[in-house]
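Here are some notes for a colleague who has not seen this structure before. Please read them with the model open.

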Amino acid sequence: MLDVGCGSGTLSTQTFTSYFESILGIDISEAKIEEAKRLNKCGNVVFELIDGYDFPVEDNSVDLITFATSIHFLDLKLLEKECERVLKPGGCCAAYAINWGDITGFSVEGTDWRQNRVLLNLIVEDFYVNIKAHPNNFAALRRNQQVYDQIQNSSKIKLQEMVREREMTLRQLKNVFSTVGDYVVFMKQEKSTTDPLEIFDKEIRQALKLENDLSDEHIILKFKEVFPIFVFTKPKVQNPTKFYERNCIYLRKSLYD
Ligand SMILES: C[S@@+](CC[C@H](N)C(=O)[O-])C[C@H]1O[C@@H](n2cnc3c(N)ncnc32)[C@H](O)[C@@H]1O
């Protein structure tokens, strides 16, 4: 298996270790690959730095290529050609990206759950605007539709979205966003402006009508993570839906486990 744009490898590459004999995670960022190597605990996973579209694997050698919140950064023409080269016949490419669904409820530690519907994706979108995120990040937030439209491979198909219910404190949620690459760069370059995570915090509190003096580690949010997923194969398969459903079972399992 090949994981393209693996980042630090912990969220995408390593979740598949029990399903494949060997896995290669590749990324354009030297810092991410260093981190991935440092955090890697699995004998069947290797990470490599790549620059461009020559994946360091042989022709017809890969069963599954994954793009976990990364395909929107890539040049699709070059990518499709390279995937065609390295996939085994009948092998499959799967691209998925996290979308932040609704906050469906919340509680302040020790109180009952309160129902509330807040569109977290909109607050995340605001955060991306504030950190001057790369424009392609917005494509991912819009279910990667633009990317899907550009894929030439006629076997492409959208699978049913995977939805995962989460519970996290507001502090934990902010920690997730504090590791976004564009945020780290923004905070280094624009030290004097308001911290975009403070705006993020404020917007969530306003939407939930929470007082500002409540500590974020005592605010527990119930929300959904939605993963739109699309796949394509090499070469054409007679019944793509059946084929994908069978081949993507491990993808679903690894996300839910
Ligand atoms: C949002 S992160 C996702 C990381 C990981 N897949 C995950 O799910 O946590 C996107 C990753 O894509 C990588 N990336 C961006 N452009 C790339 C390119 N042209 N080739 C390979 N990786 C790239 C970035 O360095 C970053 O690590």
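This is a predicted model: local features need pLDDT of at least 70, side-chain atom pairs count only at pLDDT 80 or more; totals for chains, interfaces and linings use all residues.

1. Asp59 is partly exposed, with a relative accessible area of 47%. Asp59 sits in the loop between strand E3 (45-49) and strand E4 (62-68).

2. Which residue forms a salt bridge with Asp59? The partner is Arg85, and the closest N and O atoms are 2.7 Å apart. Arg85 belongs to helix H2 (residues 76-86), so the pair ties a helix to a loop, parts that are 26 residues apart in sequence. Arg85 also counts as partly exposed, at 27% relative accessibility.

3. Arg142 and Glu125 make another salt bridge through their side chains, at 2.5 Å from N to O. Arg142 is in the loop between helix H4 (136-141) and helix H5 (145-150), while Glu125 is in helix H3 (residues 120-130); the pair therefore ties together parts 17 residues apart in sequence. Arg142 counts as partly exposed, with a relative accessibility of 49%.

4. Lys174 and Asp216 form a salt bridge as well, their closest N and O atoms being 2.7 Å apart. This pair links distant parts of the chain, 42 residues apart: Lys174 is in helix H6 (residues 170-178), and Asp216 is in the loop between helix H8 (196-208) and strand E9 (219-233). Are these two residues buried or exposed? Both Lys174 and Asp216 are buried.

5. Lys174 and Asp216 are also part of a network. Salt bridges with shared partners join them to Arg171, Asp201, Arg205 and Glu217. The count for the structure comes to 15 salt bridges.

6. How many disulfides does the structure hold? The number is 0. Cys42 is in no disulfide, and the nearest cysteine sulfur to its own, that of Cys6, is 13 Å away.

7. Cys83 is buried, with a relative accessible area of 1%.

8. On the overall layout, the protein is divided into two domains. Domain 1 takes in 2-97 + 227-256, and domain 2 takes in 100-134 + 164-224. Taken over C-alpha atoms, the centres of domain 1 and domain 2 are separated by 29 Å.

Terms used: Residues are numbered from 1 along each chain as its sequence is written. Side-chain values use heavy atoms; hydrogens and water are left out. Domain bounds come from an automatic or database domain assignment. A disulfide is a pair of cysteine sulfur atoms within 2.5 Å. Buried means under 20% relative accessible area, exposed over 50%, partly exposed in between (1.4 Å probe, protein chains only). A salt bridge is a side-chain nitrogen of Lys or Arg within 4 Å of a carboxyl oxygen of Asp or Glu. Helices (H or I, at least four residues) and strands (E, at least two) are DSSP runs, numbered from the N terminus.
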